[in-house]
Amino acid sequence: MPLIAPSMLSADFLHLEKDVDMVNRLADIFHLDIMDGVFVPNLSYGFPIVEAMARRAEKPLDVHLMIVHPERYVDRFAAVGADMISFHLNAAENPSAVLAQIRSHGVKAGLVINPDIPVESLFPYLKECDFVMLMGVYAGFGGQKYIPETTERLRILKDEIVRQGLDVKLEVDGGVTPENVAEIVGAGVDIVVAGSAVFKATDPAAVIDAMRNCI
Ligand code: DX5
Ligand code: ZN
């Protein structure tokens, strides 16, 4: 059974407390998308919002950095309560150093890649990661359509994790819906991020339940 991580990018920011409580009650992890308008052509939210959510959250916070120079902000995200921090492989000059920096705070460290980056480029870093994440869409916006080739990429990455005998969790982010989740999770995914599928649903509880019990 995969863990379900609602992406708070699609939450109702006017009633954030209500959506945080919903995740506390029904899901497993908070997925927080941090965008800088440089690495991706969009802005999201920053420390005040993350801090506010952290105060209320009873589940781990998974911070997804879509920013250049992730090393500049890792310490602050750890300080405000991140339990997991991931950054994009091509956003860091020295990915190994950033992974070590994240782990030095006792925070789980992850690498992410967009759909156009070969999945093999993650292989040399797997030993230094607690989790790896594949984007099912191009990072930057919620509500995009899942790129079907991602499923095969997930399978290849999972096989390599197993081949290296590692306990590295596999996460998928972007475009996951109740309709495609079974196939995606079948590729060996441990953590499923879902933004619009959860928050735009009339019955988020049913969506989360269906996703968790998809296989
Ligand atoms: C996209 C973000 C995702 C996004 C997922 O850049 O990293 O986390 O919020 O949203 P959905 O599930 O709507 O694709
Ligand atoms: Zn994300």
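1. How many salt bridges does the count come to by this rule, a salt bridge being a side-chain nitrogen of Lys or Arg within 4 Å of a carboxyl oxygen of Asp or Glu? The count comes to 9 salt bridges. One pairs the side chains of R56 and E17, with 3.5 Å from N to O. Since R56 belongs to helix α2 (residues 47-56) and E17 to helix α1 (residues 16-26), the pair ties together parts that are 39 residues apart in sequence. Helices are DSSP runs of H or I with at least four residues, and strands are runs of E with at least two, numbered from the N terminus.

2. On conventions, this is a predicted model, in which local features need pLDDT of at least 70 and side-chain atom pairs count only at pLDDT 80 or more, while totals for chains, interfaces and linings use all residues. Residues are numbered from 1 along each chain as written, chains are lettered from A and ligands numbered from 1 in the order written, and side-chain values use heavy atoms, without hydrogens and water.

3. Around ligand 1 there are 20 residues, of which D33, G140, D173, G195 and S196 come nearest; a residue is near if one of its heavy atoms lies within 4 Å. This shell divides into 8 nonpolar, 10 polar and 2 charged residues, with Gly counted as polar.

4. Strands β2 (30-35), β3 (61-66) and β8 (191-194) each supply at least two residues of the shell. The largest share, 3 residues, comes from β2.
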